[in-house]
Structures are given as C-alpha cells and as structure tokens.
Amino acid sequence: MMTSEISSKILQIPIFLLQNNHRRQYLPMNNNKNLLLFISDNNPQFRMWKKQLTLLQYSSKSERTALLKSNHVQLLTEERMIEIIRQNHLQVAVSSLVTIPNTELIEEIWEDLFYLKSHLDKLDKSTPFLVPVIGTPNLIPIQNAILPTILGIDIQSFIHPISSSIIAFPYHNTHNCQLIDILQWEYFLLEMNCQRASIYLPRNYSITKLPLLPILTMFTDEKYARLGELILSYQRENTKDCLRQFPIVDDSKLVQQISPVSATFDKVIVHDLPSLPRITIPSYGRVLAKNLGICVEYDLCTCVNILQLLSNEKNTNIDLYIKWLSHLQLYVCQQHIEWDTKSSLLSCQLYLPDQNDCYSLNDLLIISNNEEHHNGILLVSKYFKLQLISSSINQIYWQFKDLFHLLGCISTSTITIDHICTTIDLASRDKSNFFALGDCATTLTENGMEKMIVLYQYLEDSILKYVKKNMSNTELYDTIVTNKHPTASYGSREDLEWRFSFTCNSLSQQLKKLTDIQSQGKKIGLLTINRQIITKKLHKIIYACLETKIIQNLSKNIDQRDFILPLIARTCPLVLATFDIDYIERRCKVQWMHNSHNLEFSLKQLTKIFRTTLNDSEIEVTTAKYASVTLLLSDSFVIDSLNEQNNQDEINRYMIDSDYPFWIFKKTILLCTGNKKDNNSKAIIAISALTTLLHKRKHLPFEEAKSIAQQKISTCIAFRSEHPSCFASTESTIYSYSDLLFPTDHHSFESMIISIGKNCTLKQDLEKTTITTVAVDRIVEDKIYRNRVKTQNDIQRNMNMTNNWKDSLIVDGIEQLRIGQNAEHFFFAYLQNHYGSIDVTPTKNWRSSSRLIIYPQCQRNIDDSVGFDFELHDTREVFVRESRSTTKYCYFEVKGTSGLFNEEYTRFCISQNELDTCQSIVNDRKRQEREAYFIVIIENCLDLEKISFGTIINW
C-alpha cells in the first residue's frame, strides 16, 4: 500500500509526463499557490485548450495513484470539466461588463462549446453558457441569442428585425461547412434553448434568390436524417411554411432545375408525370421529407398539389385526373379527416371534357337527374357560372360525387336561400330575359317568365325546408307545417285561412327574420301579372290575388297598384309572406246584389243532386242570367264590416265585369246561364260547379271530382225554373273571400259532350278518348310546318316587302282552296308551338271546315258562319300586349298568298260574316277591352320550304 511518504518521494523524481510531451520531467511545483493540475482516465488523445488547466499523463497505475495522493493533482472527469467551463463562463460574463473579450477568449469560448456539444446529455439545458454573436465582440448567454441557420442554410437575411443578437456563423470547427457538422451545432444550440428564428419572405421574392435546401441524399444515414427531423420540429409554424417555399434541386433532370420544396415530389409516386419536379428520397429520409412538405405519399396535400399542377399545365389527360381523384377519395375516406376545404378548393382544378377547360372545385355543382327542382338548379348553375357534374354531364367524374360532397363542393343539398335569391337578382338583370323594348329590362319574354316562375317556386320550397329544419320556433312551425291541410287546393277555405295565418302579422316578421332574405342587401323583385319584375316602393301597393279575372277588374287604377302573377300567388305563399305581400282575398269583401231585372231562380232537382253528392242539406242551387257582384277594397285597412261610416270614403267599389259561368257564395251556387237555351250547355256549367265543390270543399282530386260530377249531373233533366229563390229582389249580401269558390279549369268542361236525362249515356270527346292524328296525306306537311314555325318567333305587323315582291294571290276562292288549307294548317301549328297541344286543340280553337282536311276525326264545333277561322284566349300575350293587367280573347281570319305579302299591292276579300264579327267588336267598347279581331297573312303557301308567317293586322 502506497503511503503519503512514499508518494512524496516519488513526486521528487522526474518520472512525469506533461500532455503532448513524451520527455519525463519533474512535477511542476509552485510554493506560492496551487497549480490546476489534472489527470484524466478518458481518451488519452484529449487535448486541453484552456490555458489555466494543465493536464498530466501517467504511464502506470502506480503513477496515477501517486498523482492523486498528492495535494497537487485532481482527476478531471466530464462532470468536473463541464463545471469548470460553467464557472469560467460566469467569470467571463462578469468581466466582460468591464473588459471587451479578445480574439483568444472568443476562440476559447468556441472550444468550450465544442466540448459541451459532444456532452450534451450531461448538461443542464438552462445553464447560461456564453456564445459569440454577430456584429459585436461581446459574449451573451445562448438562451438570449438567435440561431442563424436551419438545416444548414443561412437564414439571417430572412429573420424578422428584432433586438436579439444572432449567434456567430460559420460555427467553430465546421470543416468546409459540411452539412453534418452544421446540423450538430444547430441541434446543440436548440437543445440549449437558443431563440428560434421567425422568418418571412419578401412579397415579391424570386425563388432563384433563395438559398437551396439540402437534398435528402445529403443526409447520409438514418442518424442524420433523424437529426434533421429534430431540428425541424423546433421551428415555428410560420418558419416551416416559409421553408416549404425555399427551392430544392430536382435530381431527376439532366440540367439542374429547382422548384419549391412544397411542389416537389418523391419520384416513386409521380413516375408517370415526367414534367413534375421530383427527387430521390432514401427510405430513412421519408419522415424528414414529409415534414419539409415534399409530397411523399398519396395524402391530401399531394393529391391537391398534383391536381393543381395538372390544371396549370392545361393537361387534358382525363386518366391522370381520375387516378389522383381516386387516391384523394381513398385517403379522405380512410382518414375521416377534417381539413380546410376552402383553401384547397381554390387551388385545385379539374379538366372538364364537356367544356374543354379547367375549373376550380369551387365552380362545380353536383346534381342528380331526379332532382325535384331540376330547372331551378340549372338556373343557379347558369347565373353562378357553375359547371355541372351529373350522370349525364361530365359523367366521368360522377363516380366521385361522394368525394365532392366531402370536399365541400356545392351540391343540390347545399344550395341555400341566398344562392336562389342571388340567382333571382341576376336573372332580373339579364336582358336576354326581356323583350328588346326600351331599356330591354321591362317586359319579360315567355322564356324569361318561365325562368322567374321556376326560381320563385324553388325559393318557396327552400323556405319551407328551412322552416321544417328550425323546429325550435314552434309557433312558426305549427302554423306553416302542422296546420297546412294536406289536400286542400288553392282558393279553398282551408287554404285561404292557412295563408292568412302568416300574412302581414308577427309570424311573417318571424319568417322574414328566419330566412334573412331582406337583410342580404339584394333588392329582389317580384313577378307581376304584366310580365314585370318590381320591388316594393312606398308610393305603390303590391297585392297578391289568386284569380286573374279579379285582378283584371281591379286594374283600372293601374298606376296605384301592382299585382303579383296569380301563378306565383297560388304556389308561393311563403315567399309572399316574407315580402309582406297582402292578399286581395284577405282585404276585400264581395257584395252580391239581387236585382229585380235579373232574378235568381231556384233549381230544385239540381239542389237535390248537389245536396246528396256533397252530403250537405243547406246547399241551394240557383240560376240567373249573370251575377251582379261588386268588389269592396280599401288600401288603408282590411274591411271587416261596412257599418263603420267613418271608413266608407276609403272603400273603393269595383263592378265585376266577368264571364264566370257560376259563382259559389257559401252554401249558394249561382249558375250564370246567360242566353244559353240548350240544356247541354247548362249541364256543363252545373258539372263544373259541382266539380269545384268536390275539389275545393271535399278535397277530392280534380279528375275524380270531375268524373263524379259528370255522372251525377247526367241524371238531371230540369235546368230551368220559374221558382224565385230566397235571394230574389232582396237586399245585397256581403261575403268574405273565404266564403267564395271560383271555377277550377272550366275550359276543360267546355268541349265536353254529354247526354242528360233518364237512361242516359255519357259520351266522351273524341279528342280525349283517341289520339288526335293528322290525316295520312297531310303528315309530311304537318311535320314541315311544325319545324318551320319554330323559327317564327317574332310577329311582323303590317310590314312592307317591296323588294323581291312578285304578284301574289289571296286565298278566298274555290280555285285557291289548297293554298287556304295550307295557310290555316300552318297557323294552327304556329298556335300550338306557342301554347302547346293541350291548350290549343282542333275542336276548341279551329272553327273552319278546313280543319277536316287535316283532322278528319275532329268533326265537332265546326262553323264557317262565325266570321273567323280560329279563336284563342291570348293568356300569354303572344298577339296582344296590354299595359294593363288584362288578356284578350282573340279571333283570327287567316289569308294565304302564293308569294310574299305586300301592303301596297296585295288585295284580299272579306266576307260579310267576317265583317260583321269584326264590327261587332269595334262598335262595343266593353268588347274592345276584352276581345280583338285579326287578319293573319301566311306567305308562300305552296312552297313547303318557304311557307312562313307574313304579318298580322289588328283590324
């Protein structure tokens, strides 16, 4: 055992070695102070850089023991060395406040940090070791300095201006700025809690001016790739986002090309897209590549980026779009993720083969072919400039309809009230929907009317769905949804009471607030009966009314009131309530006057039939030539009673000048037979009245009600009476509109053929029991005429055609019979083109015997003595466009020419019947308001390829 005496004697001989000196020498001694002498059991090659420390070496265990037994030598462990550095840095921090550190001291500090870097696992990360910084010789704690590099690239020029100092770069002992050495320094400094940089890119930066990120193969093994992952994990999110815009070299190209790292792909997944930037990624570097933003797998980012690049290149290879949409669909469905669809949709585009162009996913509308409001949806698509994806349009993408729903593309289920309102607003500004008159934005064309009707009905259904979804508002839900009669037709008592329950009251205000239509900043117009779109104004009142003829009687004050199109009033009650539109039916009263010169007579047999059929013993059927009815309306209040004398001056009275075939006042049915003498005509009126009662009070389907009424009335033989009713010559009676019923589709009864009386048989109209077919020898002409009239959109009135004119012959004689037949045939095709084959039929509208040449089976209702060839109620205002809210009943005498018509040279004959019919209208002011007589000229009647509508003369 070595004693202290023996150790002291050994120290007196020159047997000790200083570090890096192989000559033995005496132990350095200084009697004045203790030397900092150390020995180390670690790496014998360890080099001491601190001048105040002397490191001795020993060659045997005996020498080690002798050194440690003395009071001059200490064992230098890693912990002891770290503590010495810590103490030294504290002293330097204090002294640097007085003395500026010199180059040797800074070099020594770098050596300290280099040592500490290799012993990171033994450090207290909060220790304020000093570090050199840029721009000053001062040394500051690592925790107060900013890291100047990330993944080996110098980011100093991109760091936000701040007061903190930046660590000096290049780092100590980095051989030729080797990436591995720099990464180790970055990781050490980050682990010691240096400040992380927050970087930004200039607004107009160029990728060529940015430093290159290292390619993945420069991270030579898994250890260094993991180091890169750790370094990246320390960075702020905004810094990571900026780094993804830095360039990286595409190593697949012969000529060096760079691209943003976020737009770069693993070459394995884009082998079929040679134009895309790609790099080689080692298997151990895939996590680092993904964290950098390189597209390394079929994830959301990769799919969206590739779809974006495909569209940027205007790539028309559908297979590539399908491939990447399939990857995207699989990823989204498997991950069940939530992501920012808006930003992705804005950047992602698809090539649509039907449009031969690329469109953002935001511009798609997913629609199935069996949508309830298909035409309304198409209009939303048109005015929002959306491209359709359906089973028939761009159908190759239909397989991704579920993906498009997940991505937030617009679909029929996501079209909102705001979408529809915006579409209405845009459609009302579209001049193609209006006639080319004035500012081209006043009077809607037929096509424009149809568009607006479709949109309002679509809006109506959307409002109803919105109410159903918001069941929390129980009052609104119960009133609109629960209380609606499931089968009541429009105009019935149940229907009117339901409408009035949410009209111009607190519920309409709740509905307005719920739908939020009026607060959208769009002045959505309303469709009126005179084909205009208007907004509510203070100086003009807008009413809704279910009956067109009532509107016609109220339209005398044309400048005072506007009326919603009756079709809209009938089908869109929620829209009207939202816009605070009141009903004439709610505000008005009807006064039935019983005049002695127009007595009402009671029809006993019909009364019995009506009572039995309706199971109502209070029903009474009466008859008179006409009904004397006055409408009572006040624009300032709802009329409840006529006994309030103070309000009498504010009530306007309007005599109803209409040809209603019957009126129904509560339990009283008044058949207006006029001058009709035959029982068949009266029976048809009775059938129509009974049908209306069954349909609107018993809520039977119309056709079923009509069949029952036909059967019941056919047993009646008494349609005249000498028994005055209880109303005859009495005081006038007042009714609310809910007490009244108006005829339903009476025109469908007018062509009915019935037999009445005992053992009767019910005959059906041939037009309804057989298909109305064209005569075999006229099929070719009929087909050509129907194609020709589709090009005859504009009616030319009194037009001169002096150029290319040849002498033409007017049809009116036996010699020109064929021309006359062709002219009438062509005009009939013209009428059906505008009104359809349901509203215009041979029996109902074509009165001349020329009809038999084309439709030989339609023999009824022919009369060549009536003074015209065709008759039509011009409800669509094809021939008469009135400024008032009225439509006229028109009579047409058709004239044909062999060539072109010329106003100056062409002559034609008018028969006495035609002249009498025309003058009967001209000489009767009331008939002028309701009827019109026209001469129609058809040109080139012998040439199938040139026959055309020449002109029309309003005689």
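Q: Which residues form one aromatic cluster?
A: In this predicted model, one aromatic cluster is made up of Phe827, Phe828, Tyr830, Trp846, Tyr855, Phe870, Phe879, Phe892, Phe934 and Phe949.

Q: How many aromatic pairs does a search of the whole structure find?
A: The search finds 38 aromatic pairs. A pair of aromatic rings is described by the distance of the centres and the angle of the planes.

Q: Why is the pair of Tyr171 and Trp185 called stacked?
A: The ring centres of Tyr171 and Trp185 are 5.9 Å apart and the planes meet at 25°. Rings pair if their centres lie within 6.5 Å, and planes under 30 degrees apart count as stacked. The pair of Tyr171 and Trp185 is therefore stacked.

Q: Where in the chain do Tyr171 and Trp185 lie?
A: Tyr171 belongs to the loop between strand 10 (165-166) and helix 5 (179-191), and Trp185 to helix 5. The two residues are 14 residues apart, and the pair links distant parts of the chain.

Q: What makes Tyr171 and Trp185 buried or exposed?
A: Buried means under 20% relative accessible area. Tyr171 has 3% and is therefore buried; Trp185 has 1% and is therefore buried.

Q: What makes the aromatic pair of Trp592 and Phe665 stacked?
A: The distance is 4.2 Å centre to centre, with 10° between the planes. Stacking requires planes under 30 degrees apart, and the pair of Trp592 and Phe665 is stacked.

Q: Why is the pair of Trp592 and Phe665 said to tie together parts of the sequence?
A: Trp592 is in strand 25 (residues 589-593) and Phe665 is in strand 30 (residues 662-665), so the pair ties together parts 73 residues apart in sequence. Both residues are buried.

Q: Which peptide bond is cis, and what is its omega?
A: The bond from Phe169 to Pro170 is cis, with omega near 10°. Pro170 is located in the loop between strand 10 and helix 5.

Q: What is the phi of Asn173, and why is Asn173 called partly exposed?
A: Asn173 has a positive phi of about 60° although it is not a glycine, and it lies in the loop between strand 10 and helix 5.

Q: Why does Asn861 count as partly exposed?
A: Its relative accessibility is 30%, so Asn861 counts as partly exposed. Asn861 is found in the loop between helix 31 (851-854) and strand 34 (870-873), and its phi is near 65°, a positive value in a residue other than glycine.

Q: Why are helix 5 and helix 6 called oblique to each other?
A: The axes of helix 5 and helix 6 (residues 222-233) come within 10 Å and cross at roughly 40°. Angles under 35 degrees count as roughly parallel and 65 to 115 as roughly perpendicular. Helix 5 and helix 6 are therefore oblique to each other, and their crossing is left-handed.

Q: Which residues of helix 5 and helix 6 meet?
A: Ile180, Leu183, Gln184, Glu186, Tyr187 and Leu190 of helix 5 meet Tyr224, Leu227, Leu230 and Ile231 of helix 6. By class, this contact has eight nonpolar, one polar and one charged residues.

Q: Why are helix 23 and helix 25 oblique to each other?
A: The axes of helix 23 (residues 604-614) and helix 25 (residues 702-713) cross at roughly 140°. Angles over 145 count as roughly antiparallel and 65 to 115 as roughly perpendicular. Helix 23 and helix 25 are therefore oblique.

Methods: Residues are numbered from 1 along each chain as its sequence is written. This is a predicted model: local features need pLDDT of at least 70, side-chain atom pairs count only at pLDDT 80 or more; totals for chains, interfaces and linings use all residues. Side-chain values use heavy atoms; hydrogens and water are left out. Axes are lines fitted to C-alpha atoms, for helices over the stretch in contact, and angles run from 0 to 180 degrees between N-to-C directions. Helices (H or I, at least four residues) and strands (E, at least two) are DSSP runs, numbered from the N terminus. Rings of Phe, Tyr and Trp (its six-membered ring) pair if their centres lie within 6.5 Å; planes under 30 degrees apart count as stacked, over 60 as edge-to-face and the rest as tilted. Buried means under 20% relative accessible area, exposed over 50%, partly exposed in between (1.4 Å probe, protein chains only). A crossing is left-handed if the near helix is turned anticlockwise from the far one by less than a right angle, and right-handed if clockwise. Contact means heavy atoms within 4.5 Å. Ala, Val, Leu, Ile, Met, Phe, Trp, Tyr, Cys and Pro count as nonpolar, Asp, Glu, Lys and Arg as charged, and the others, Gly among them, as polar.
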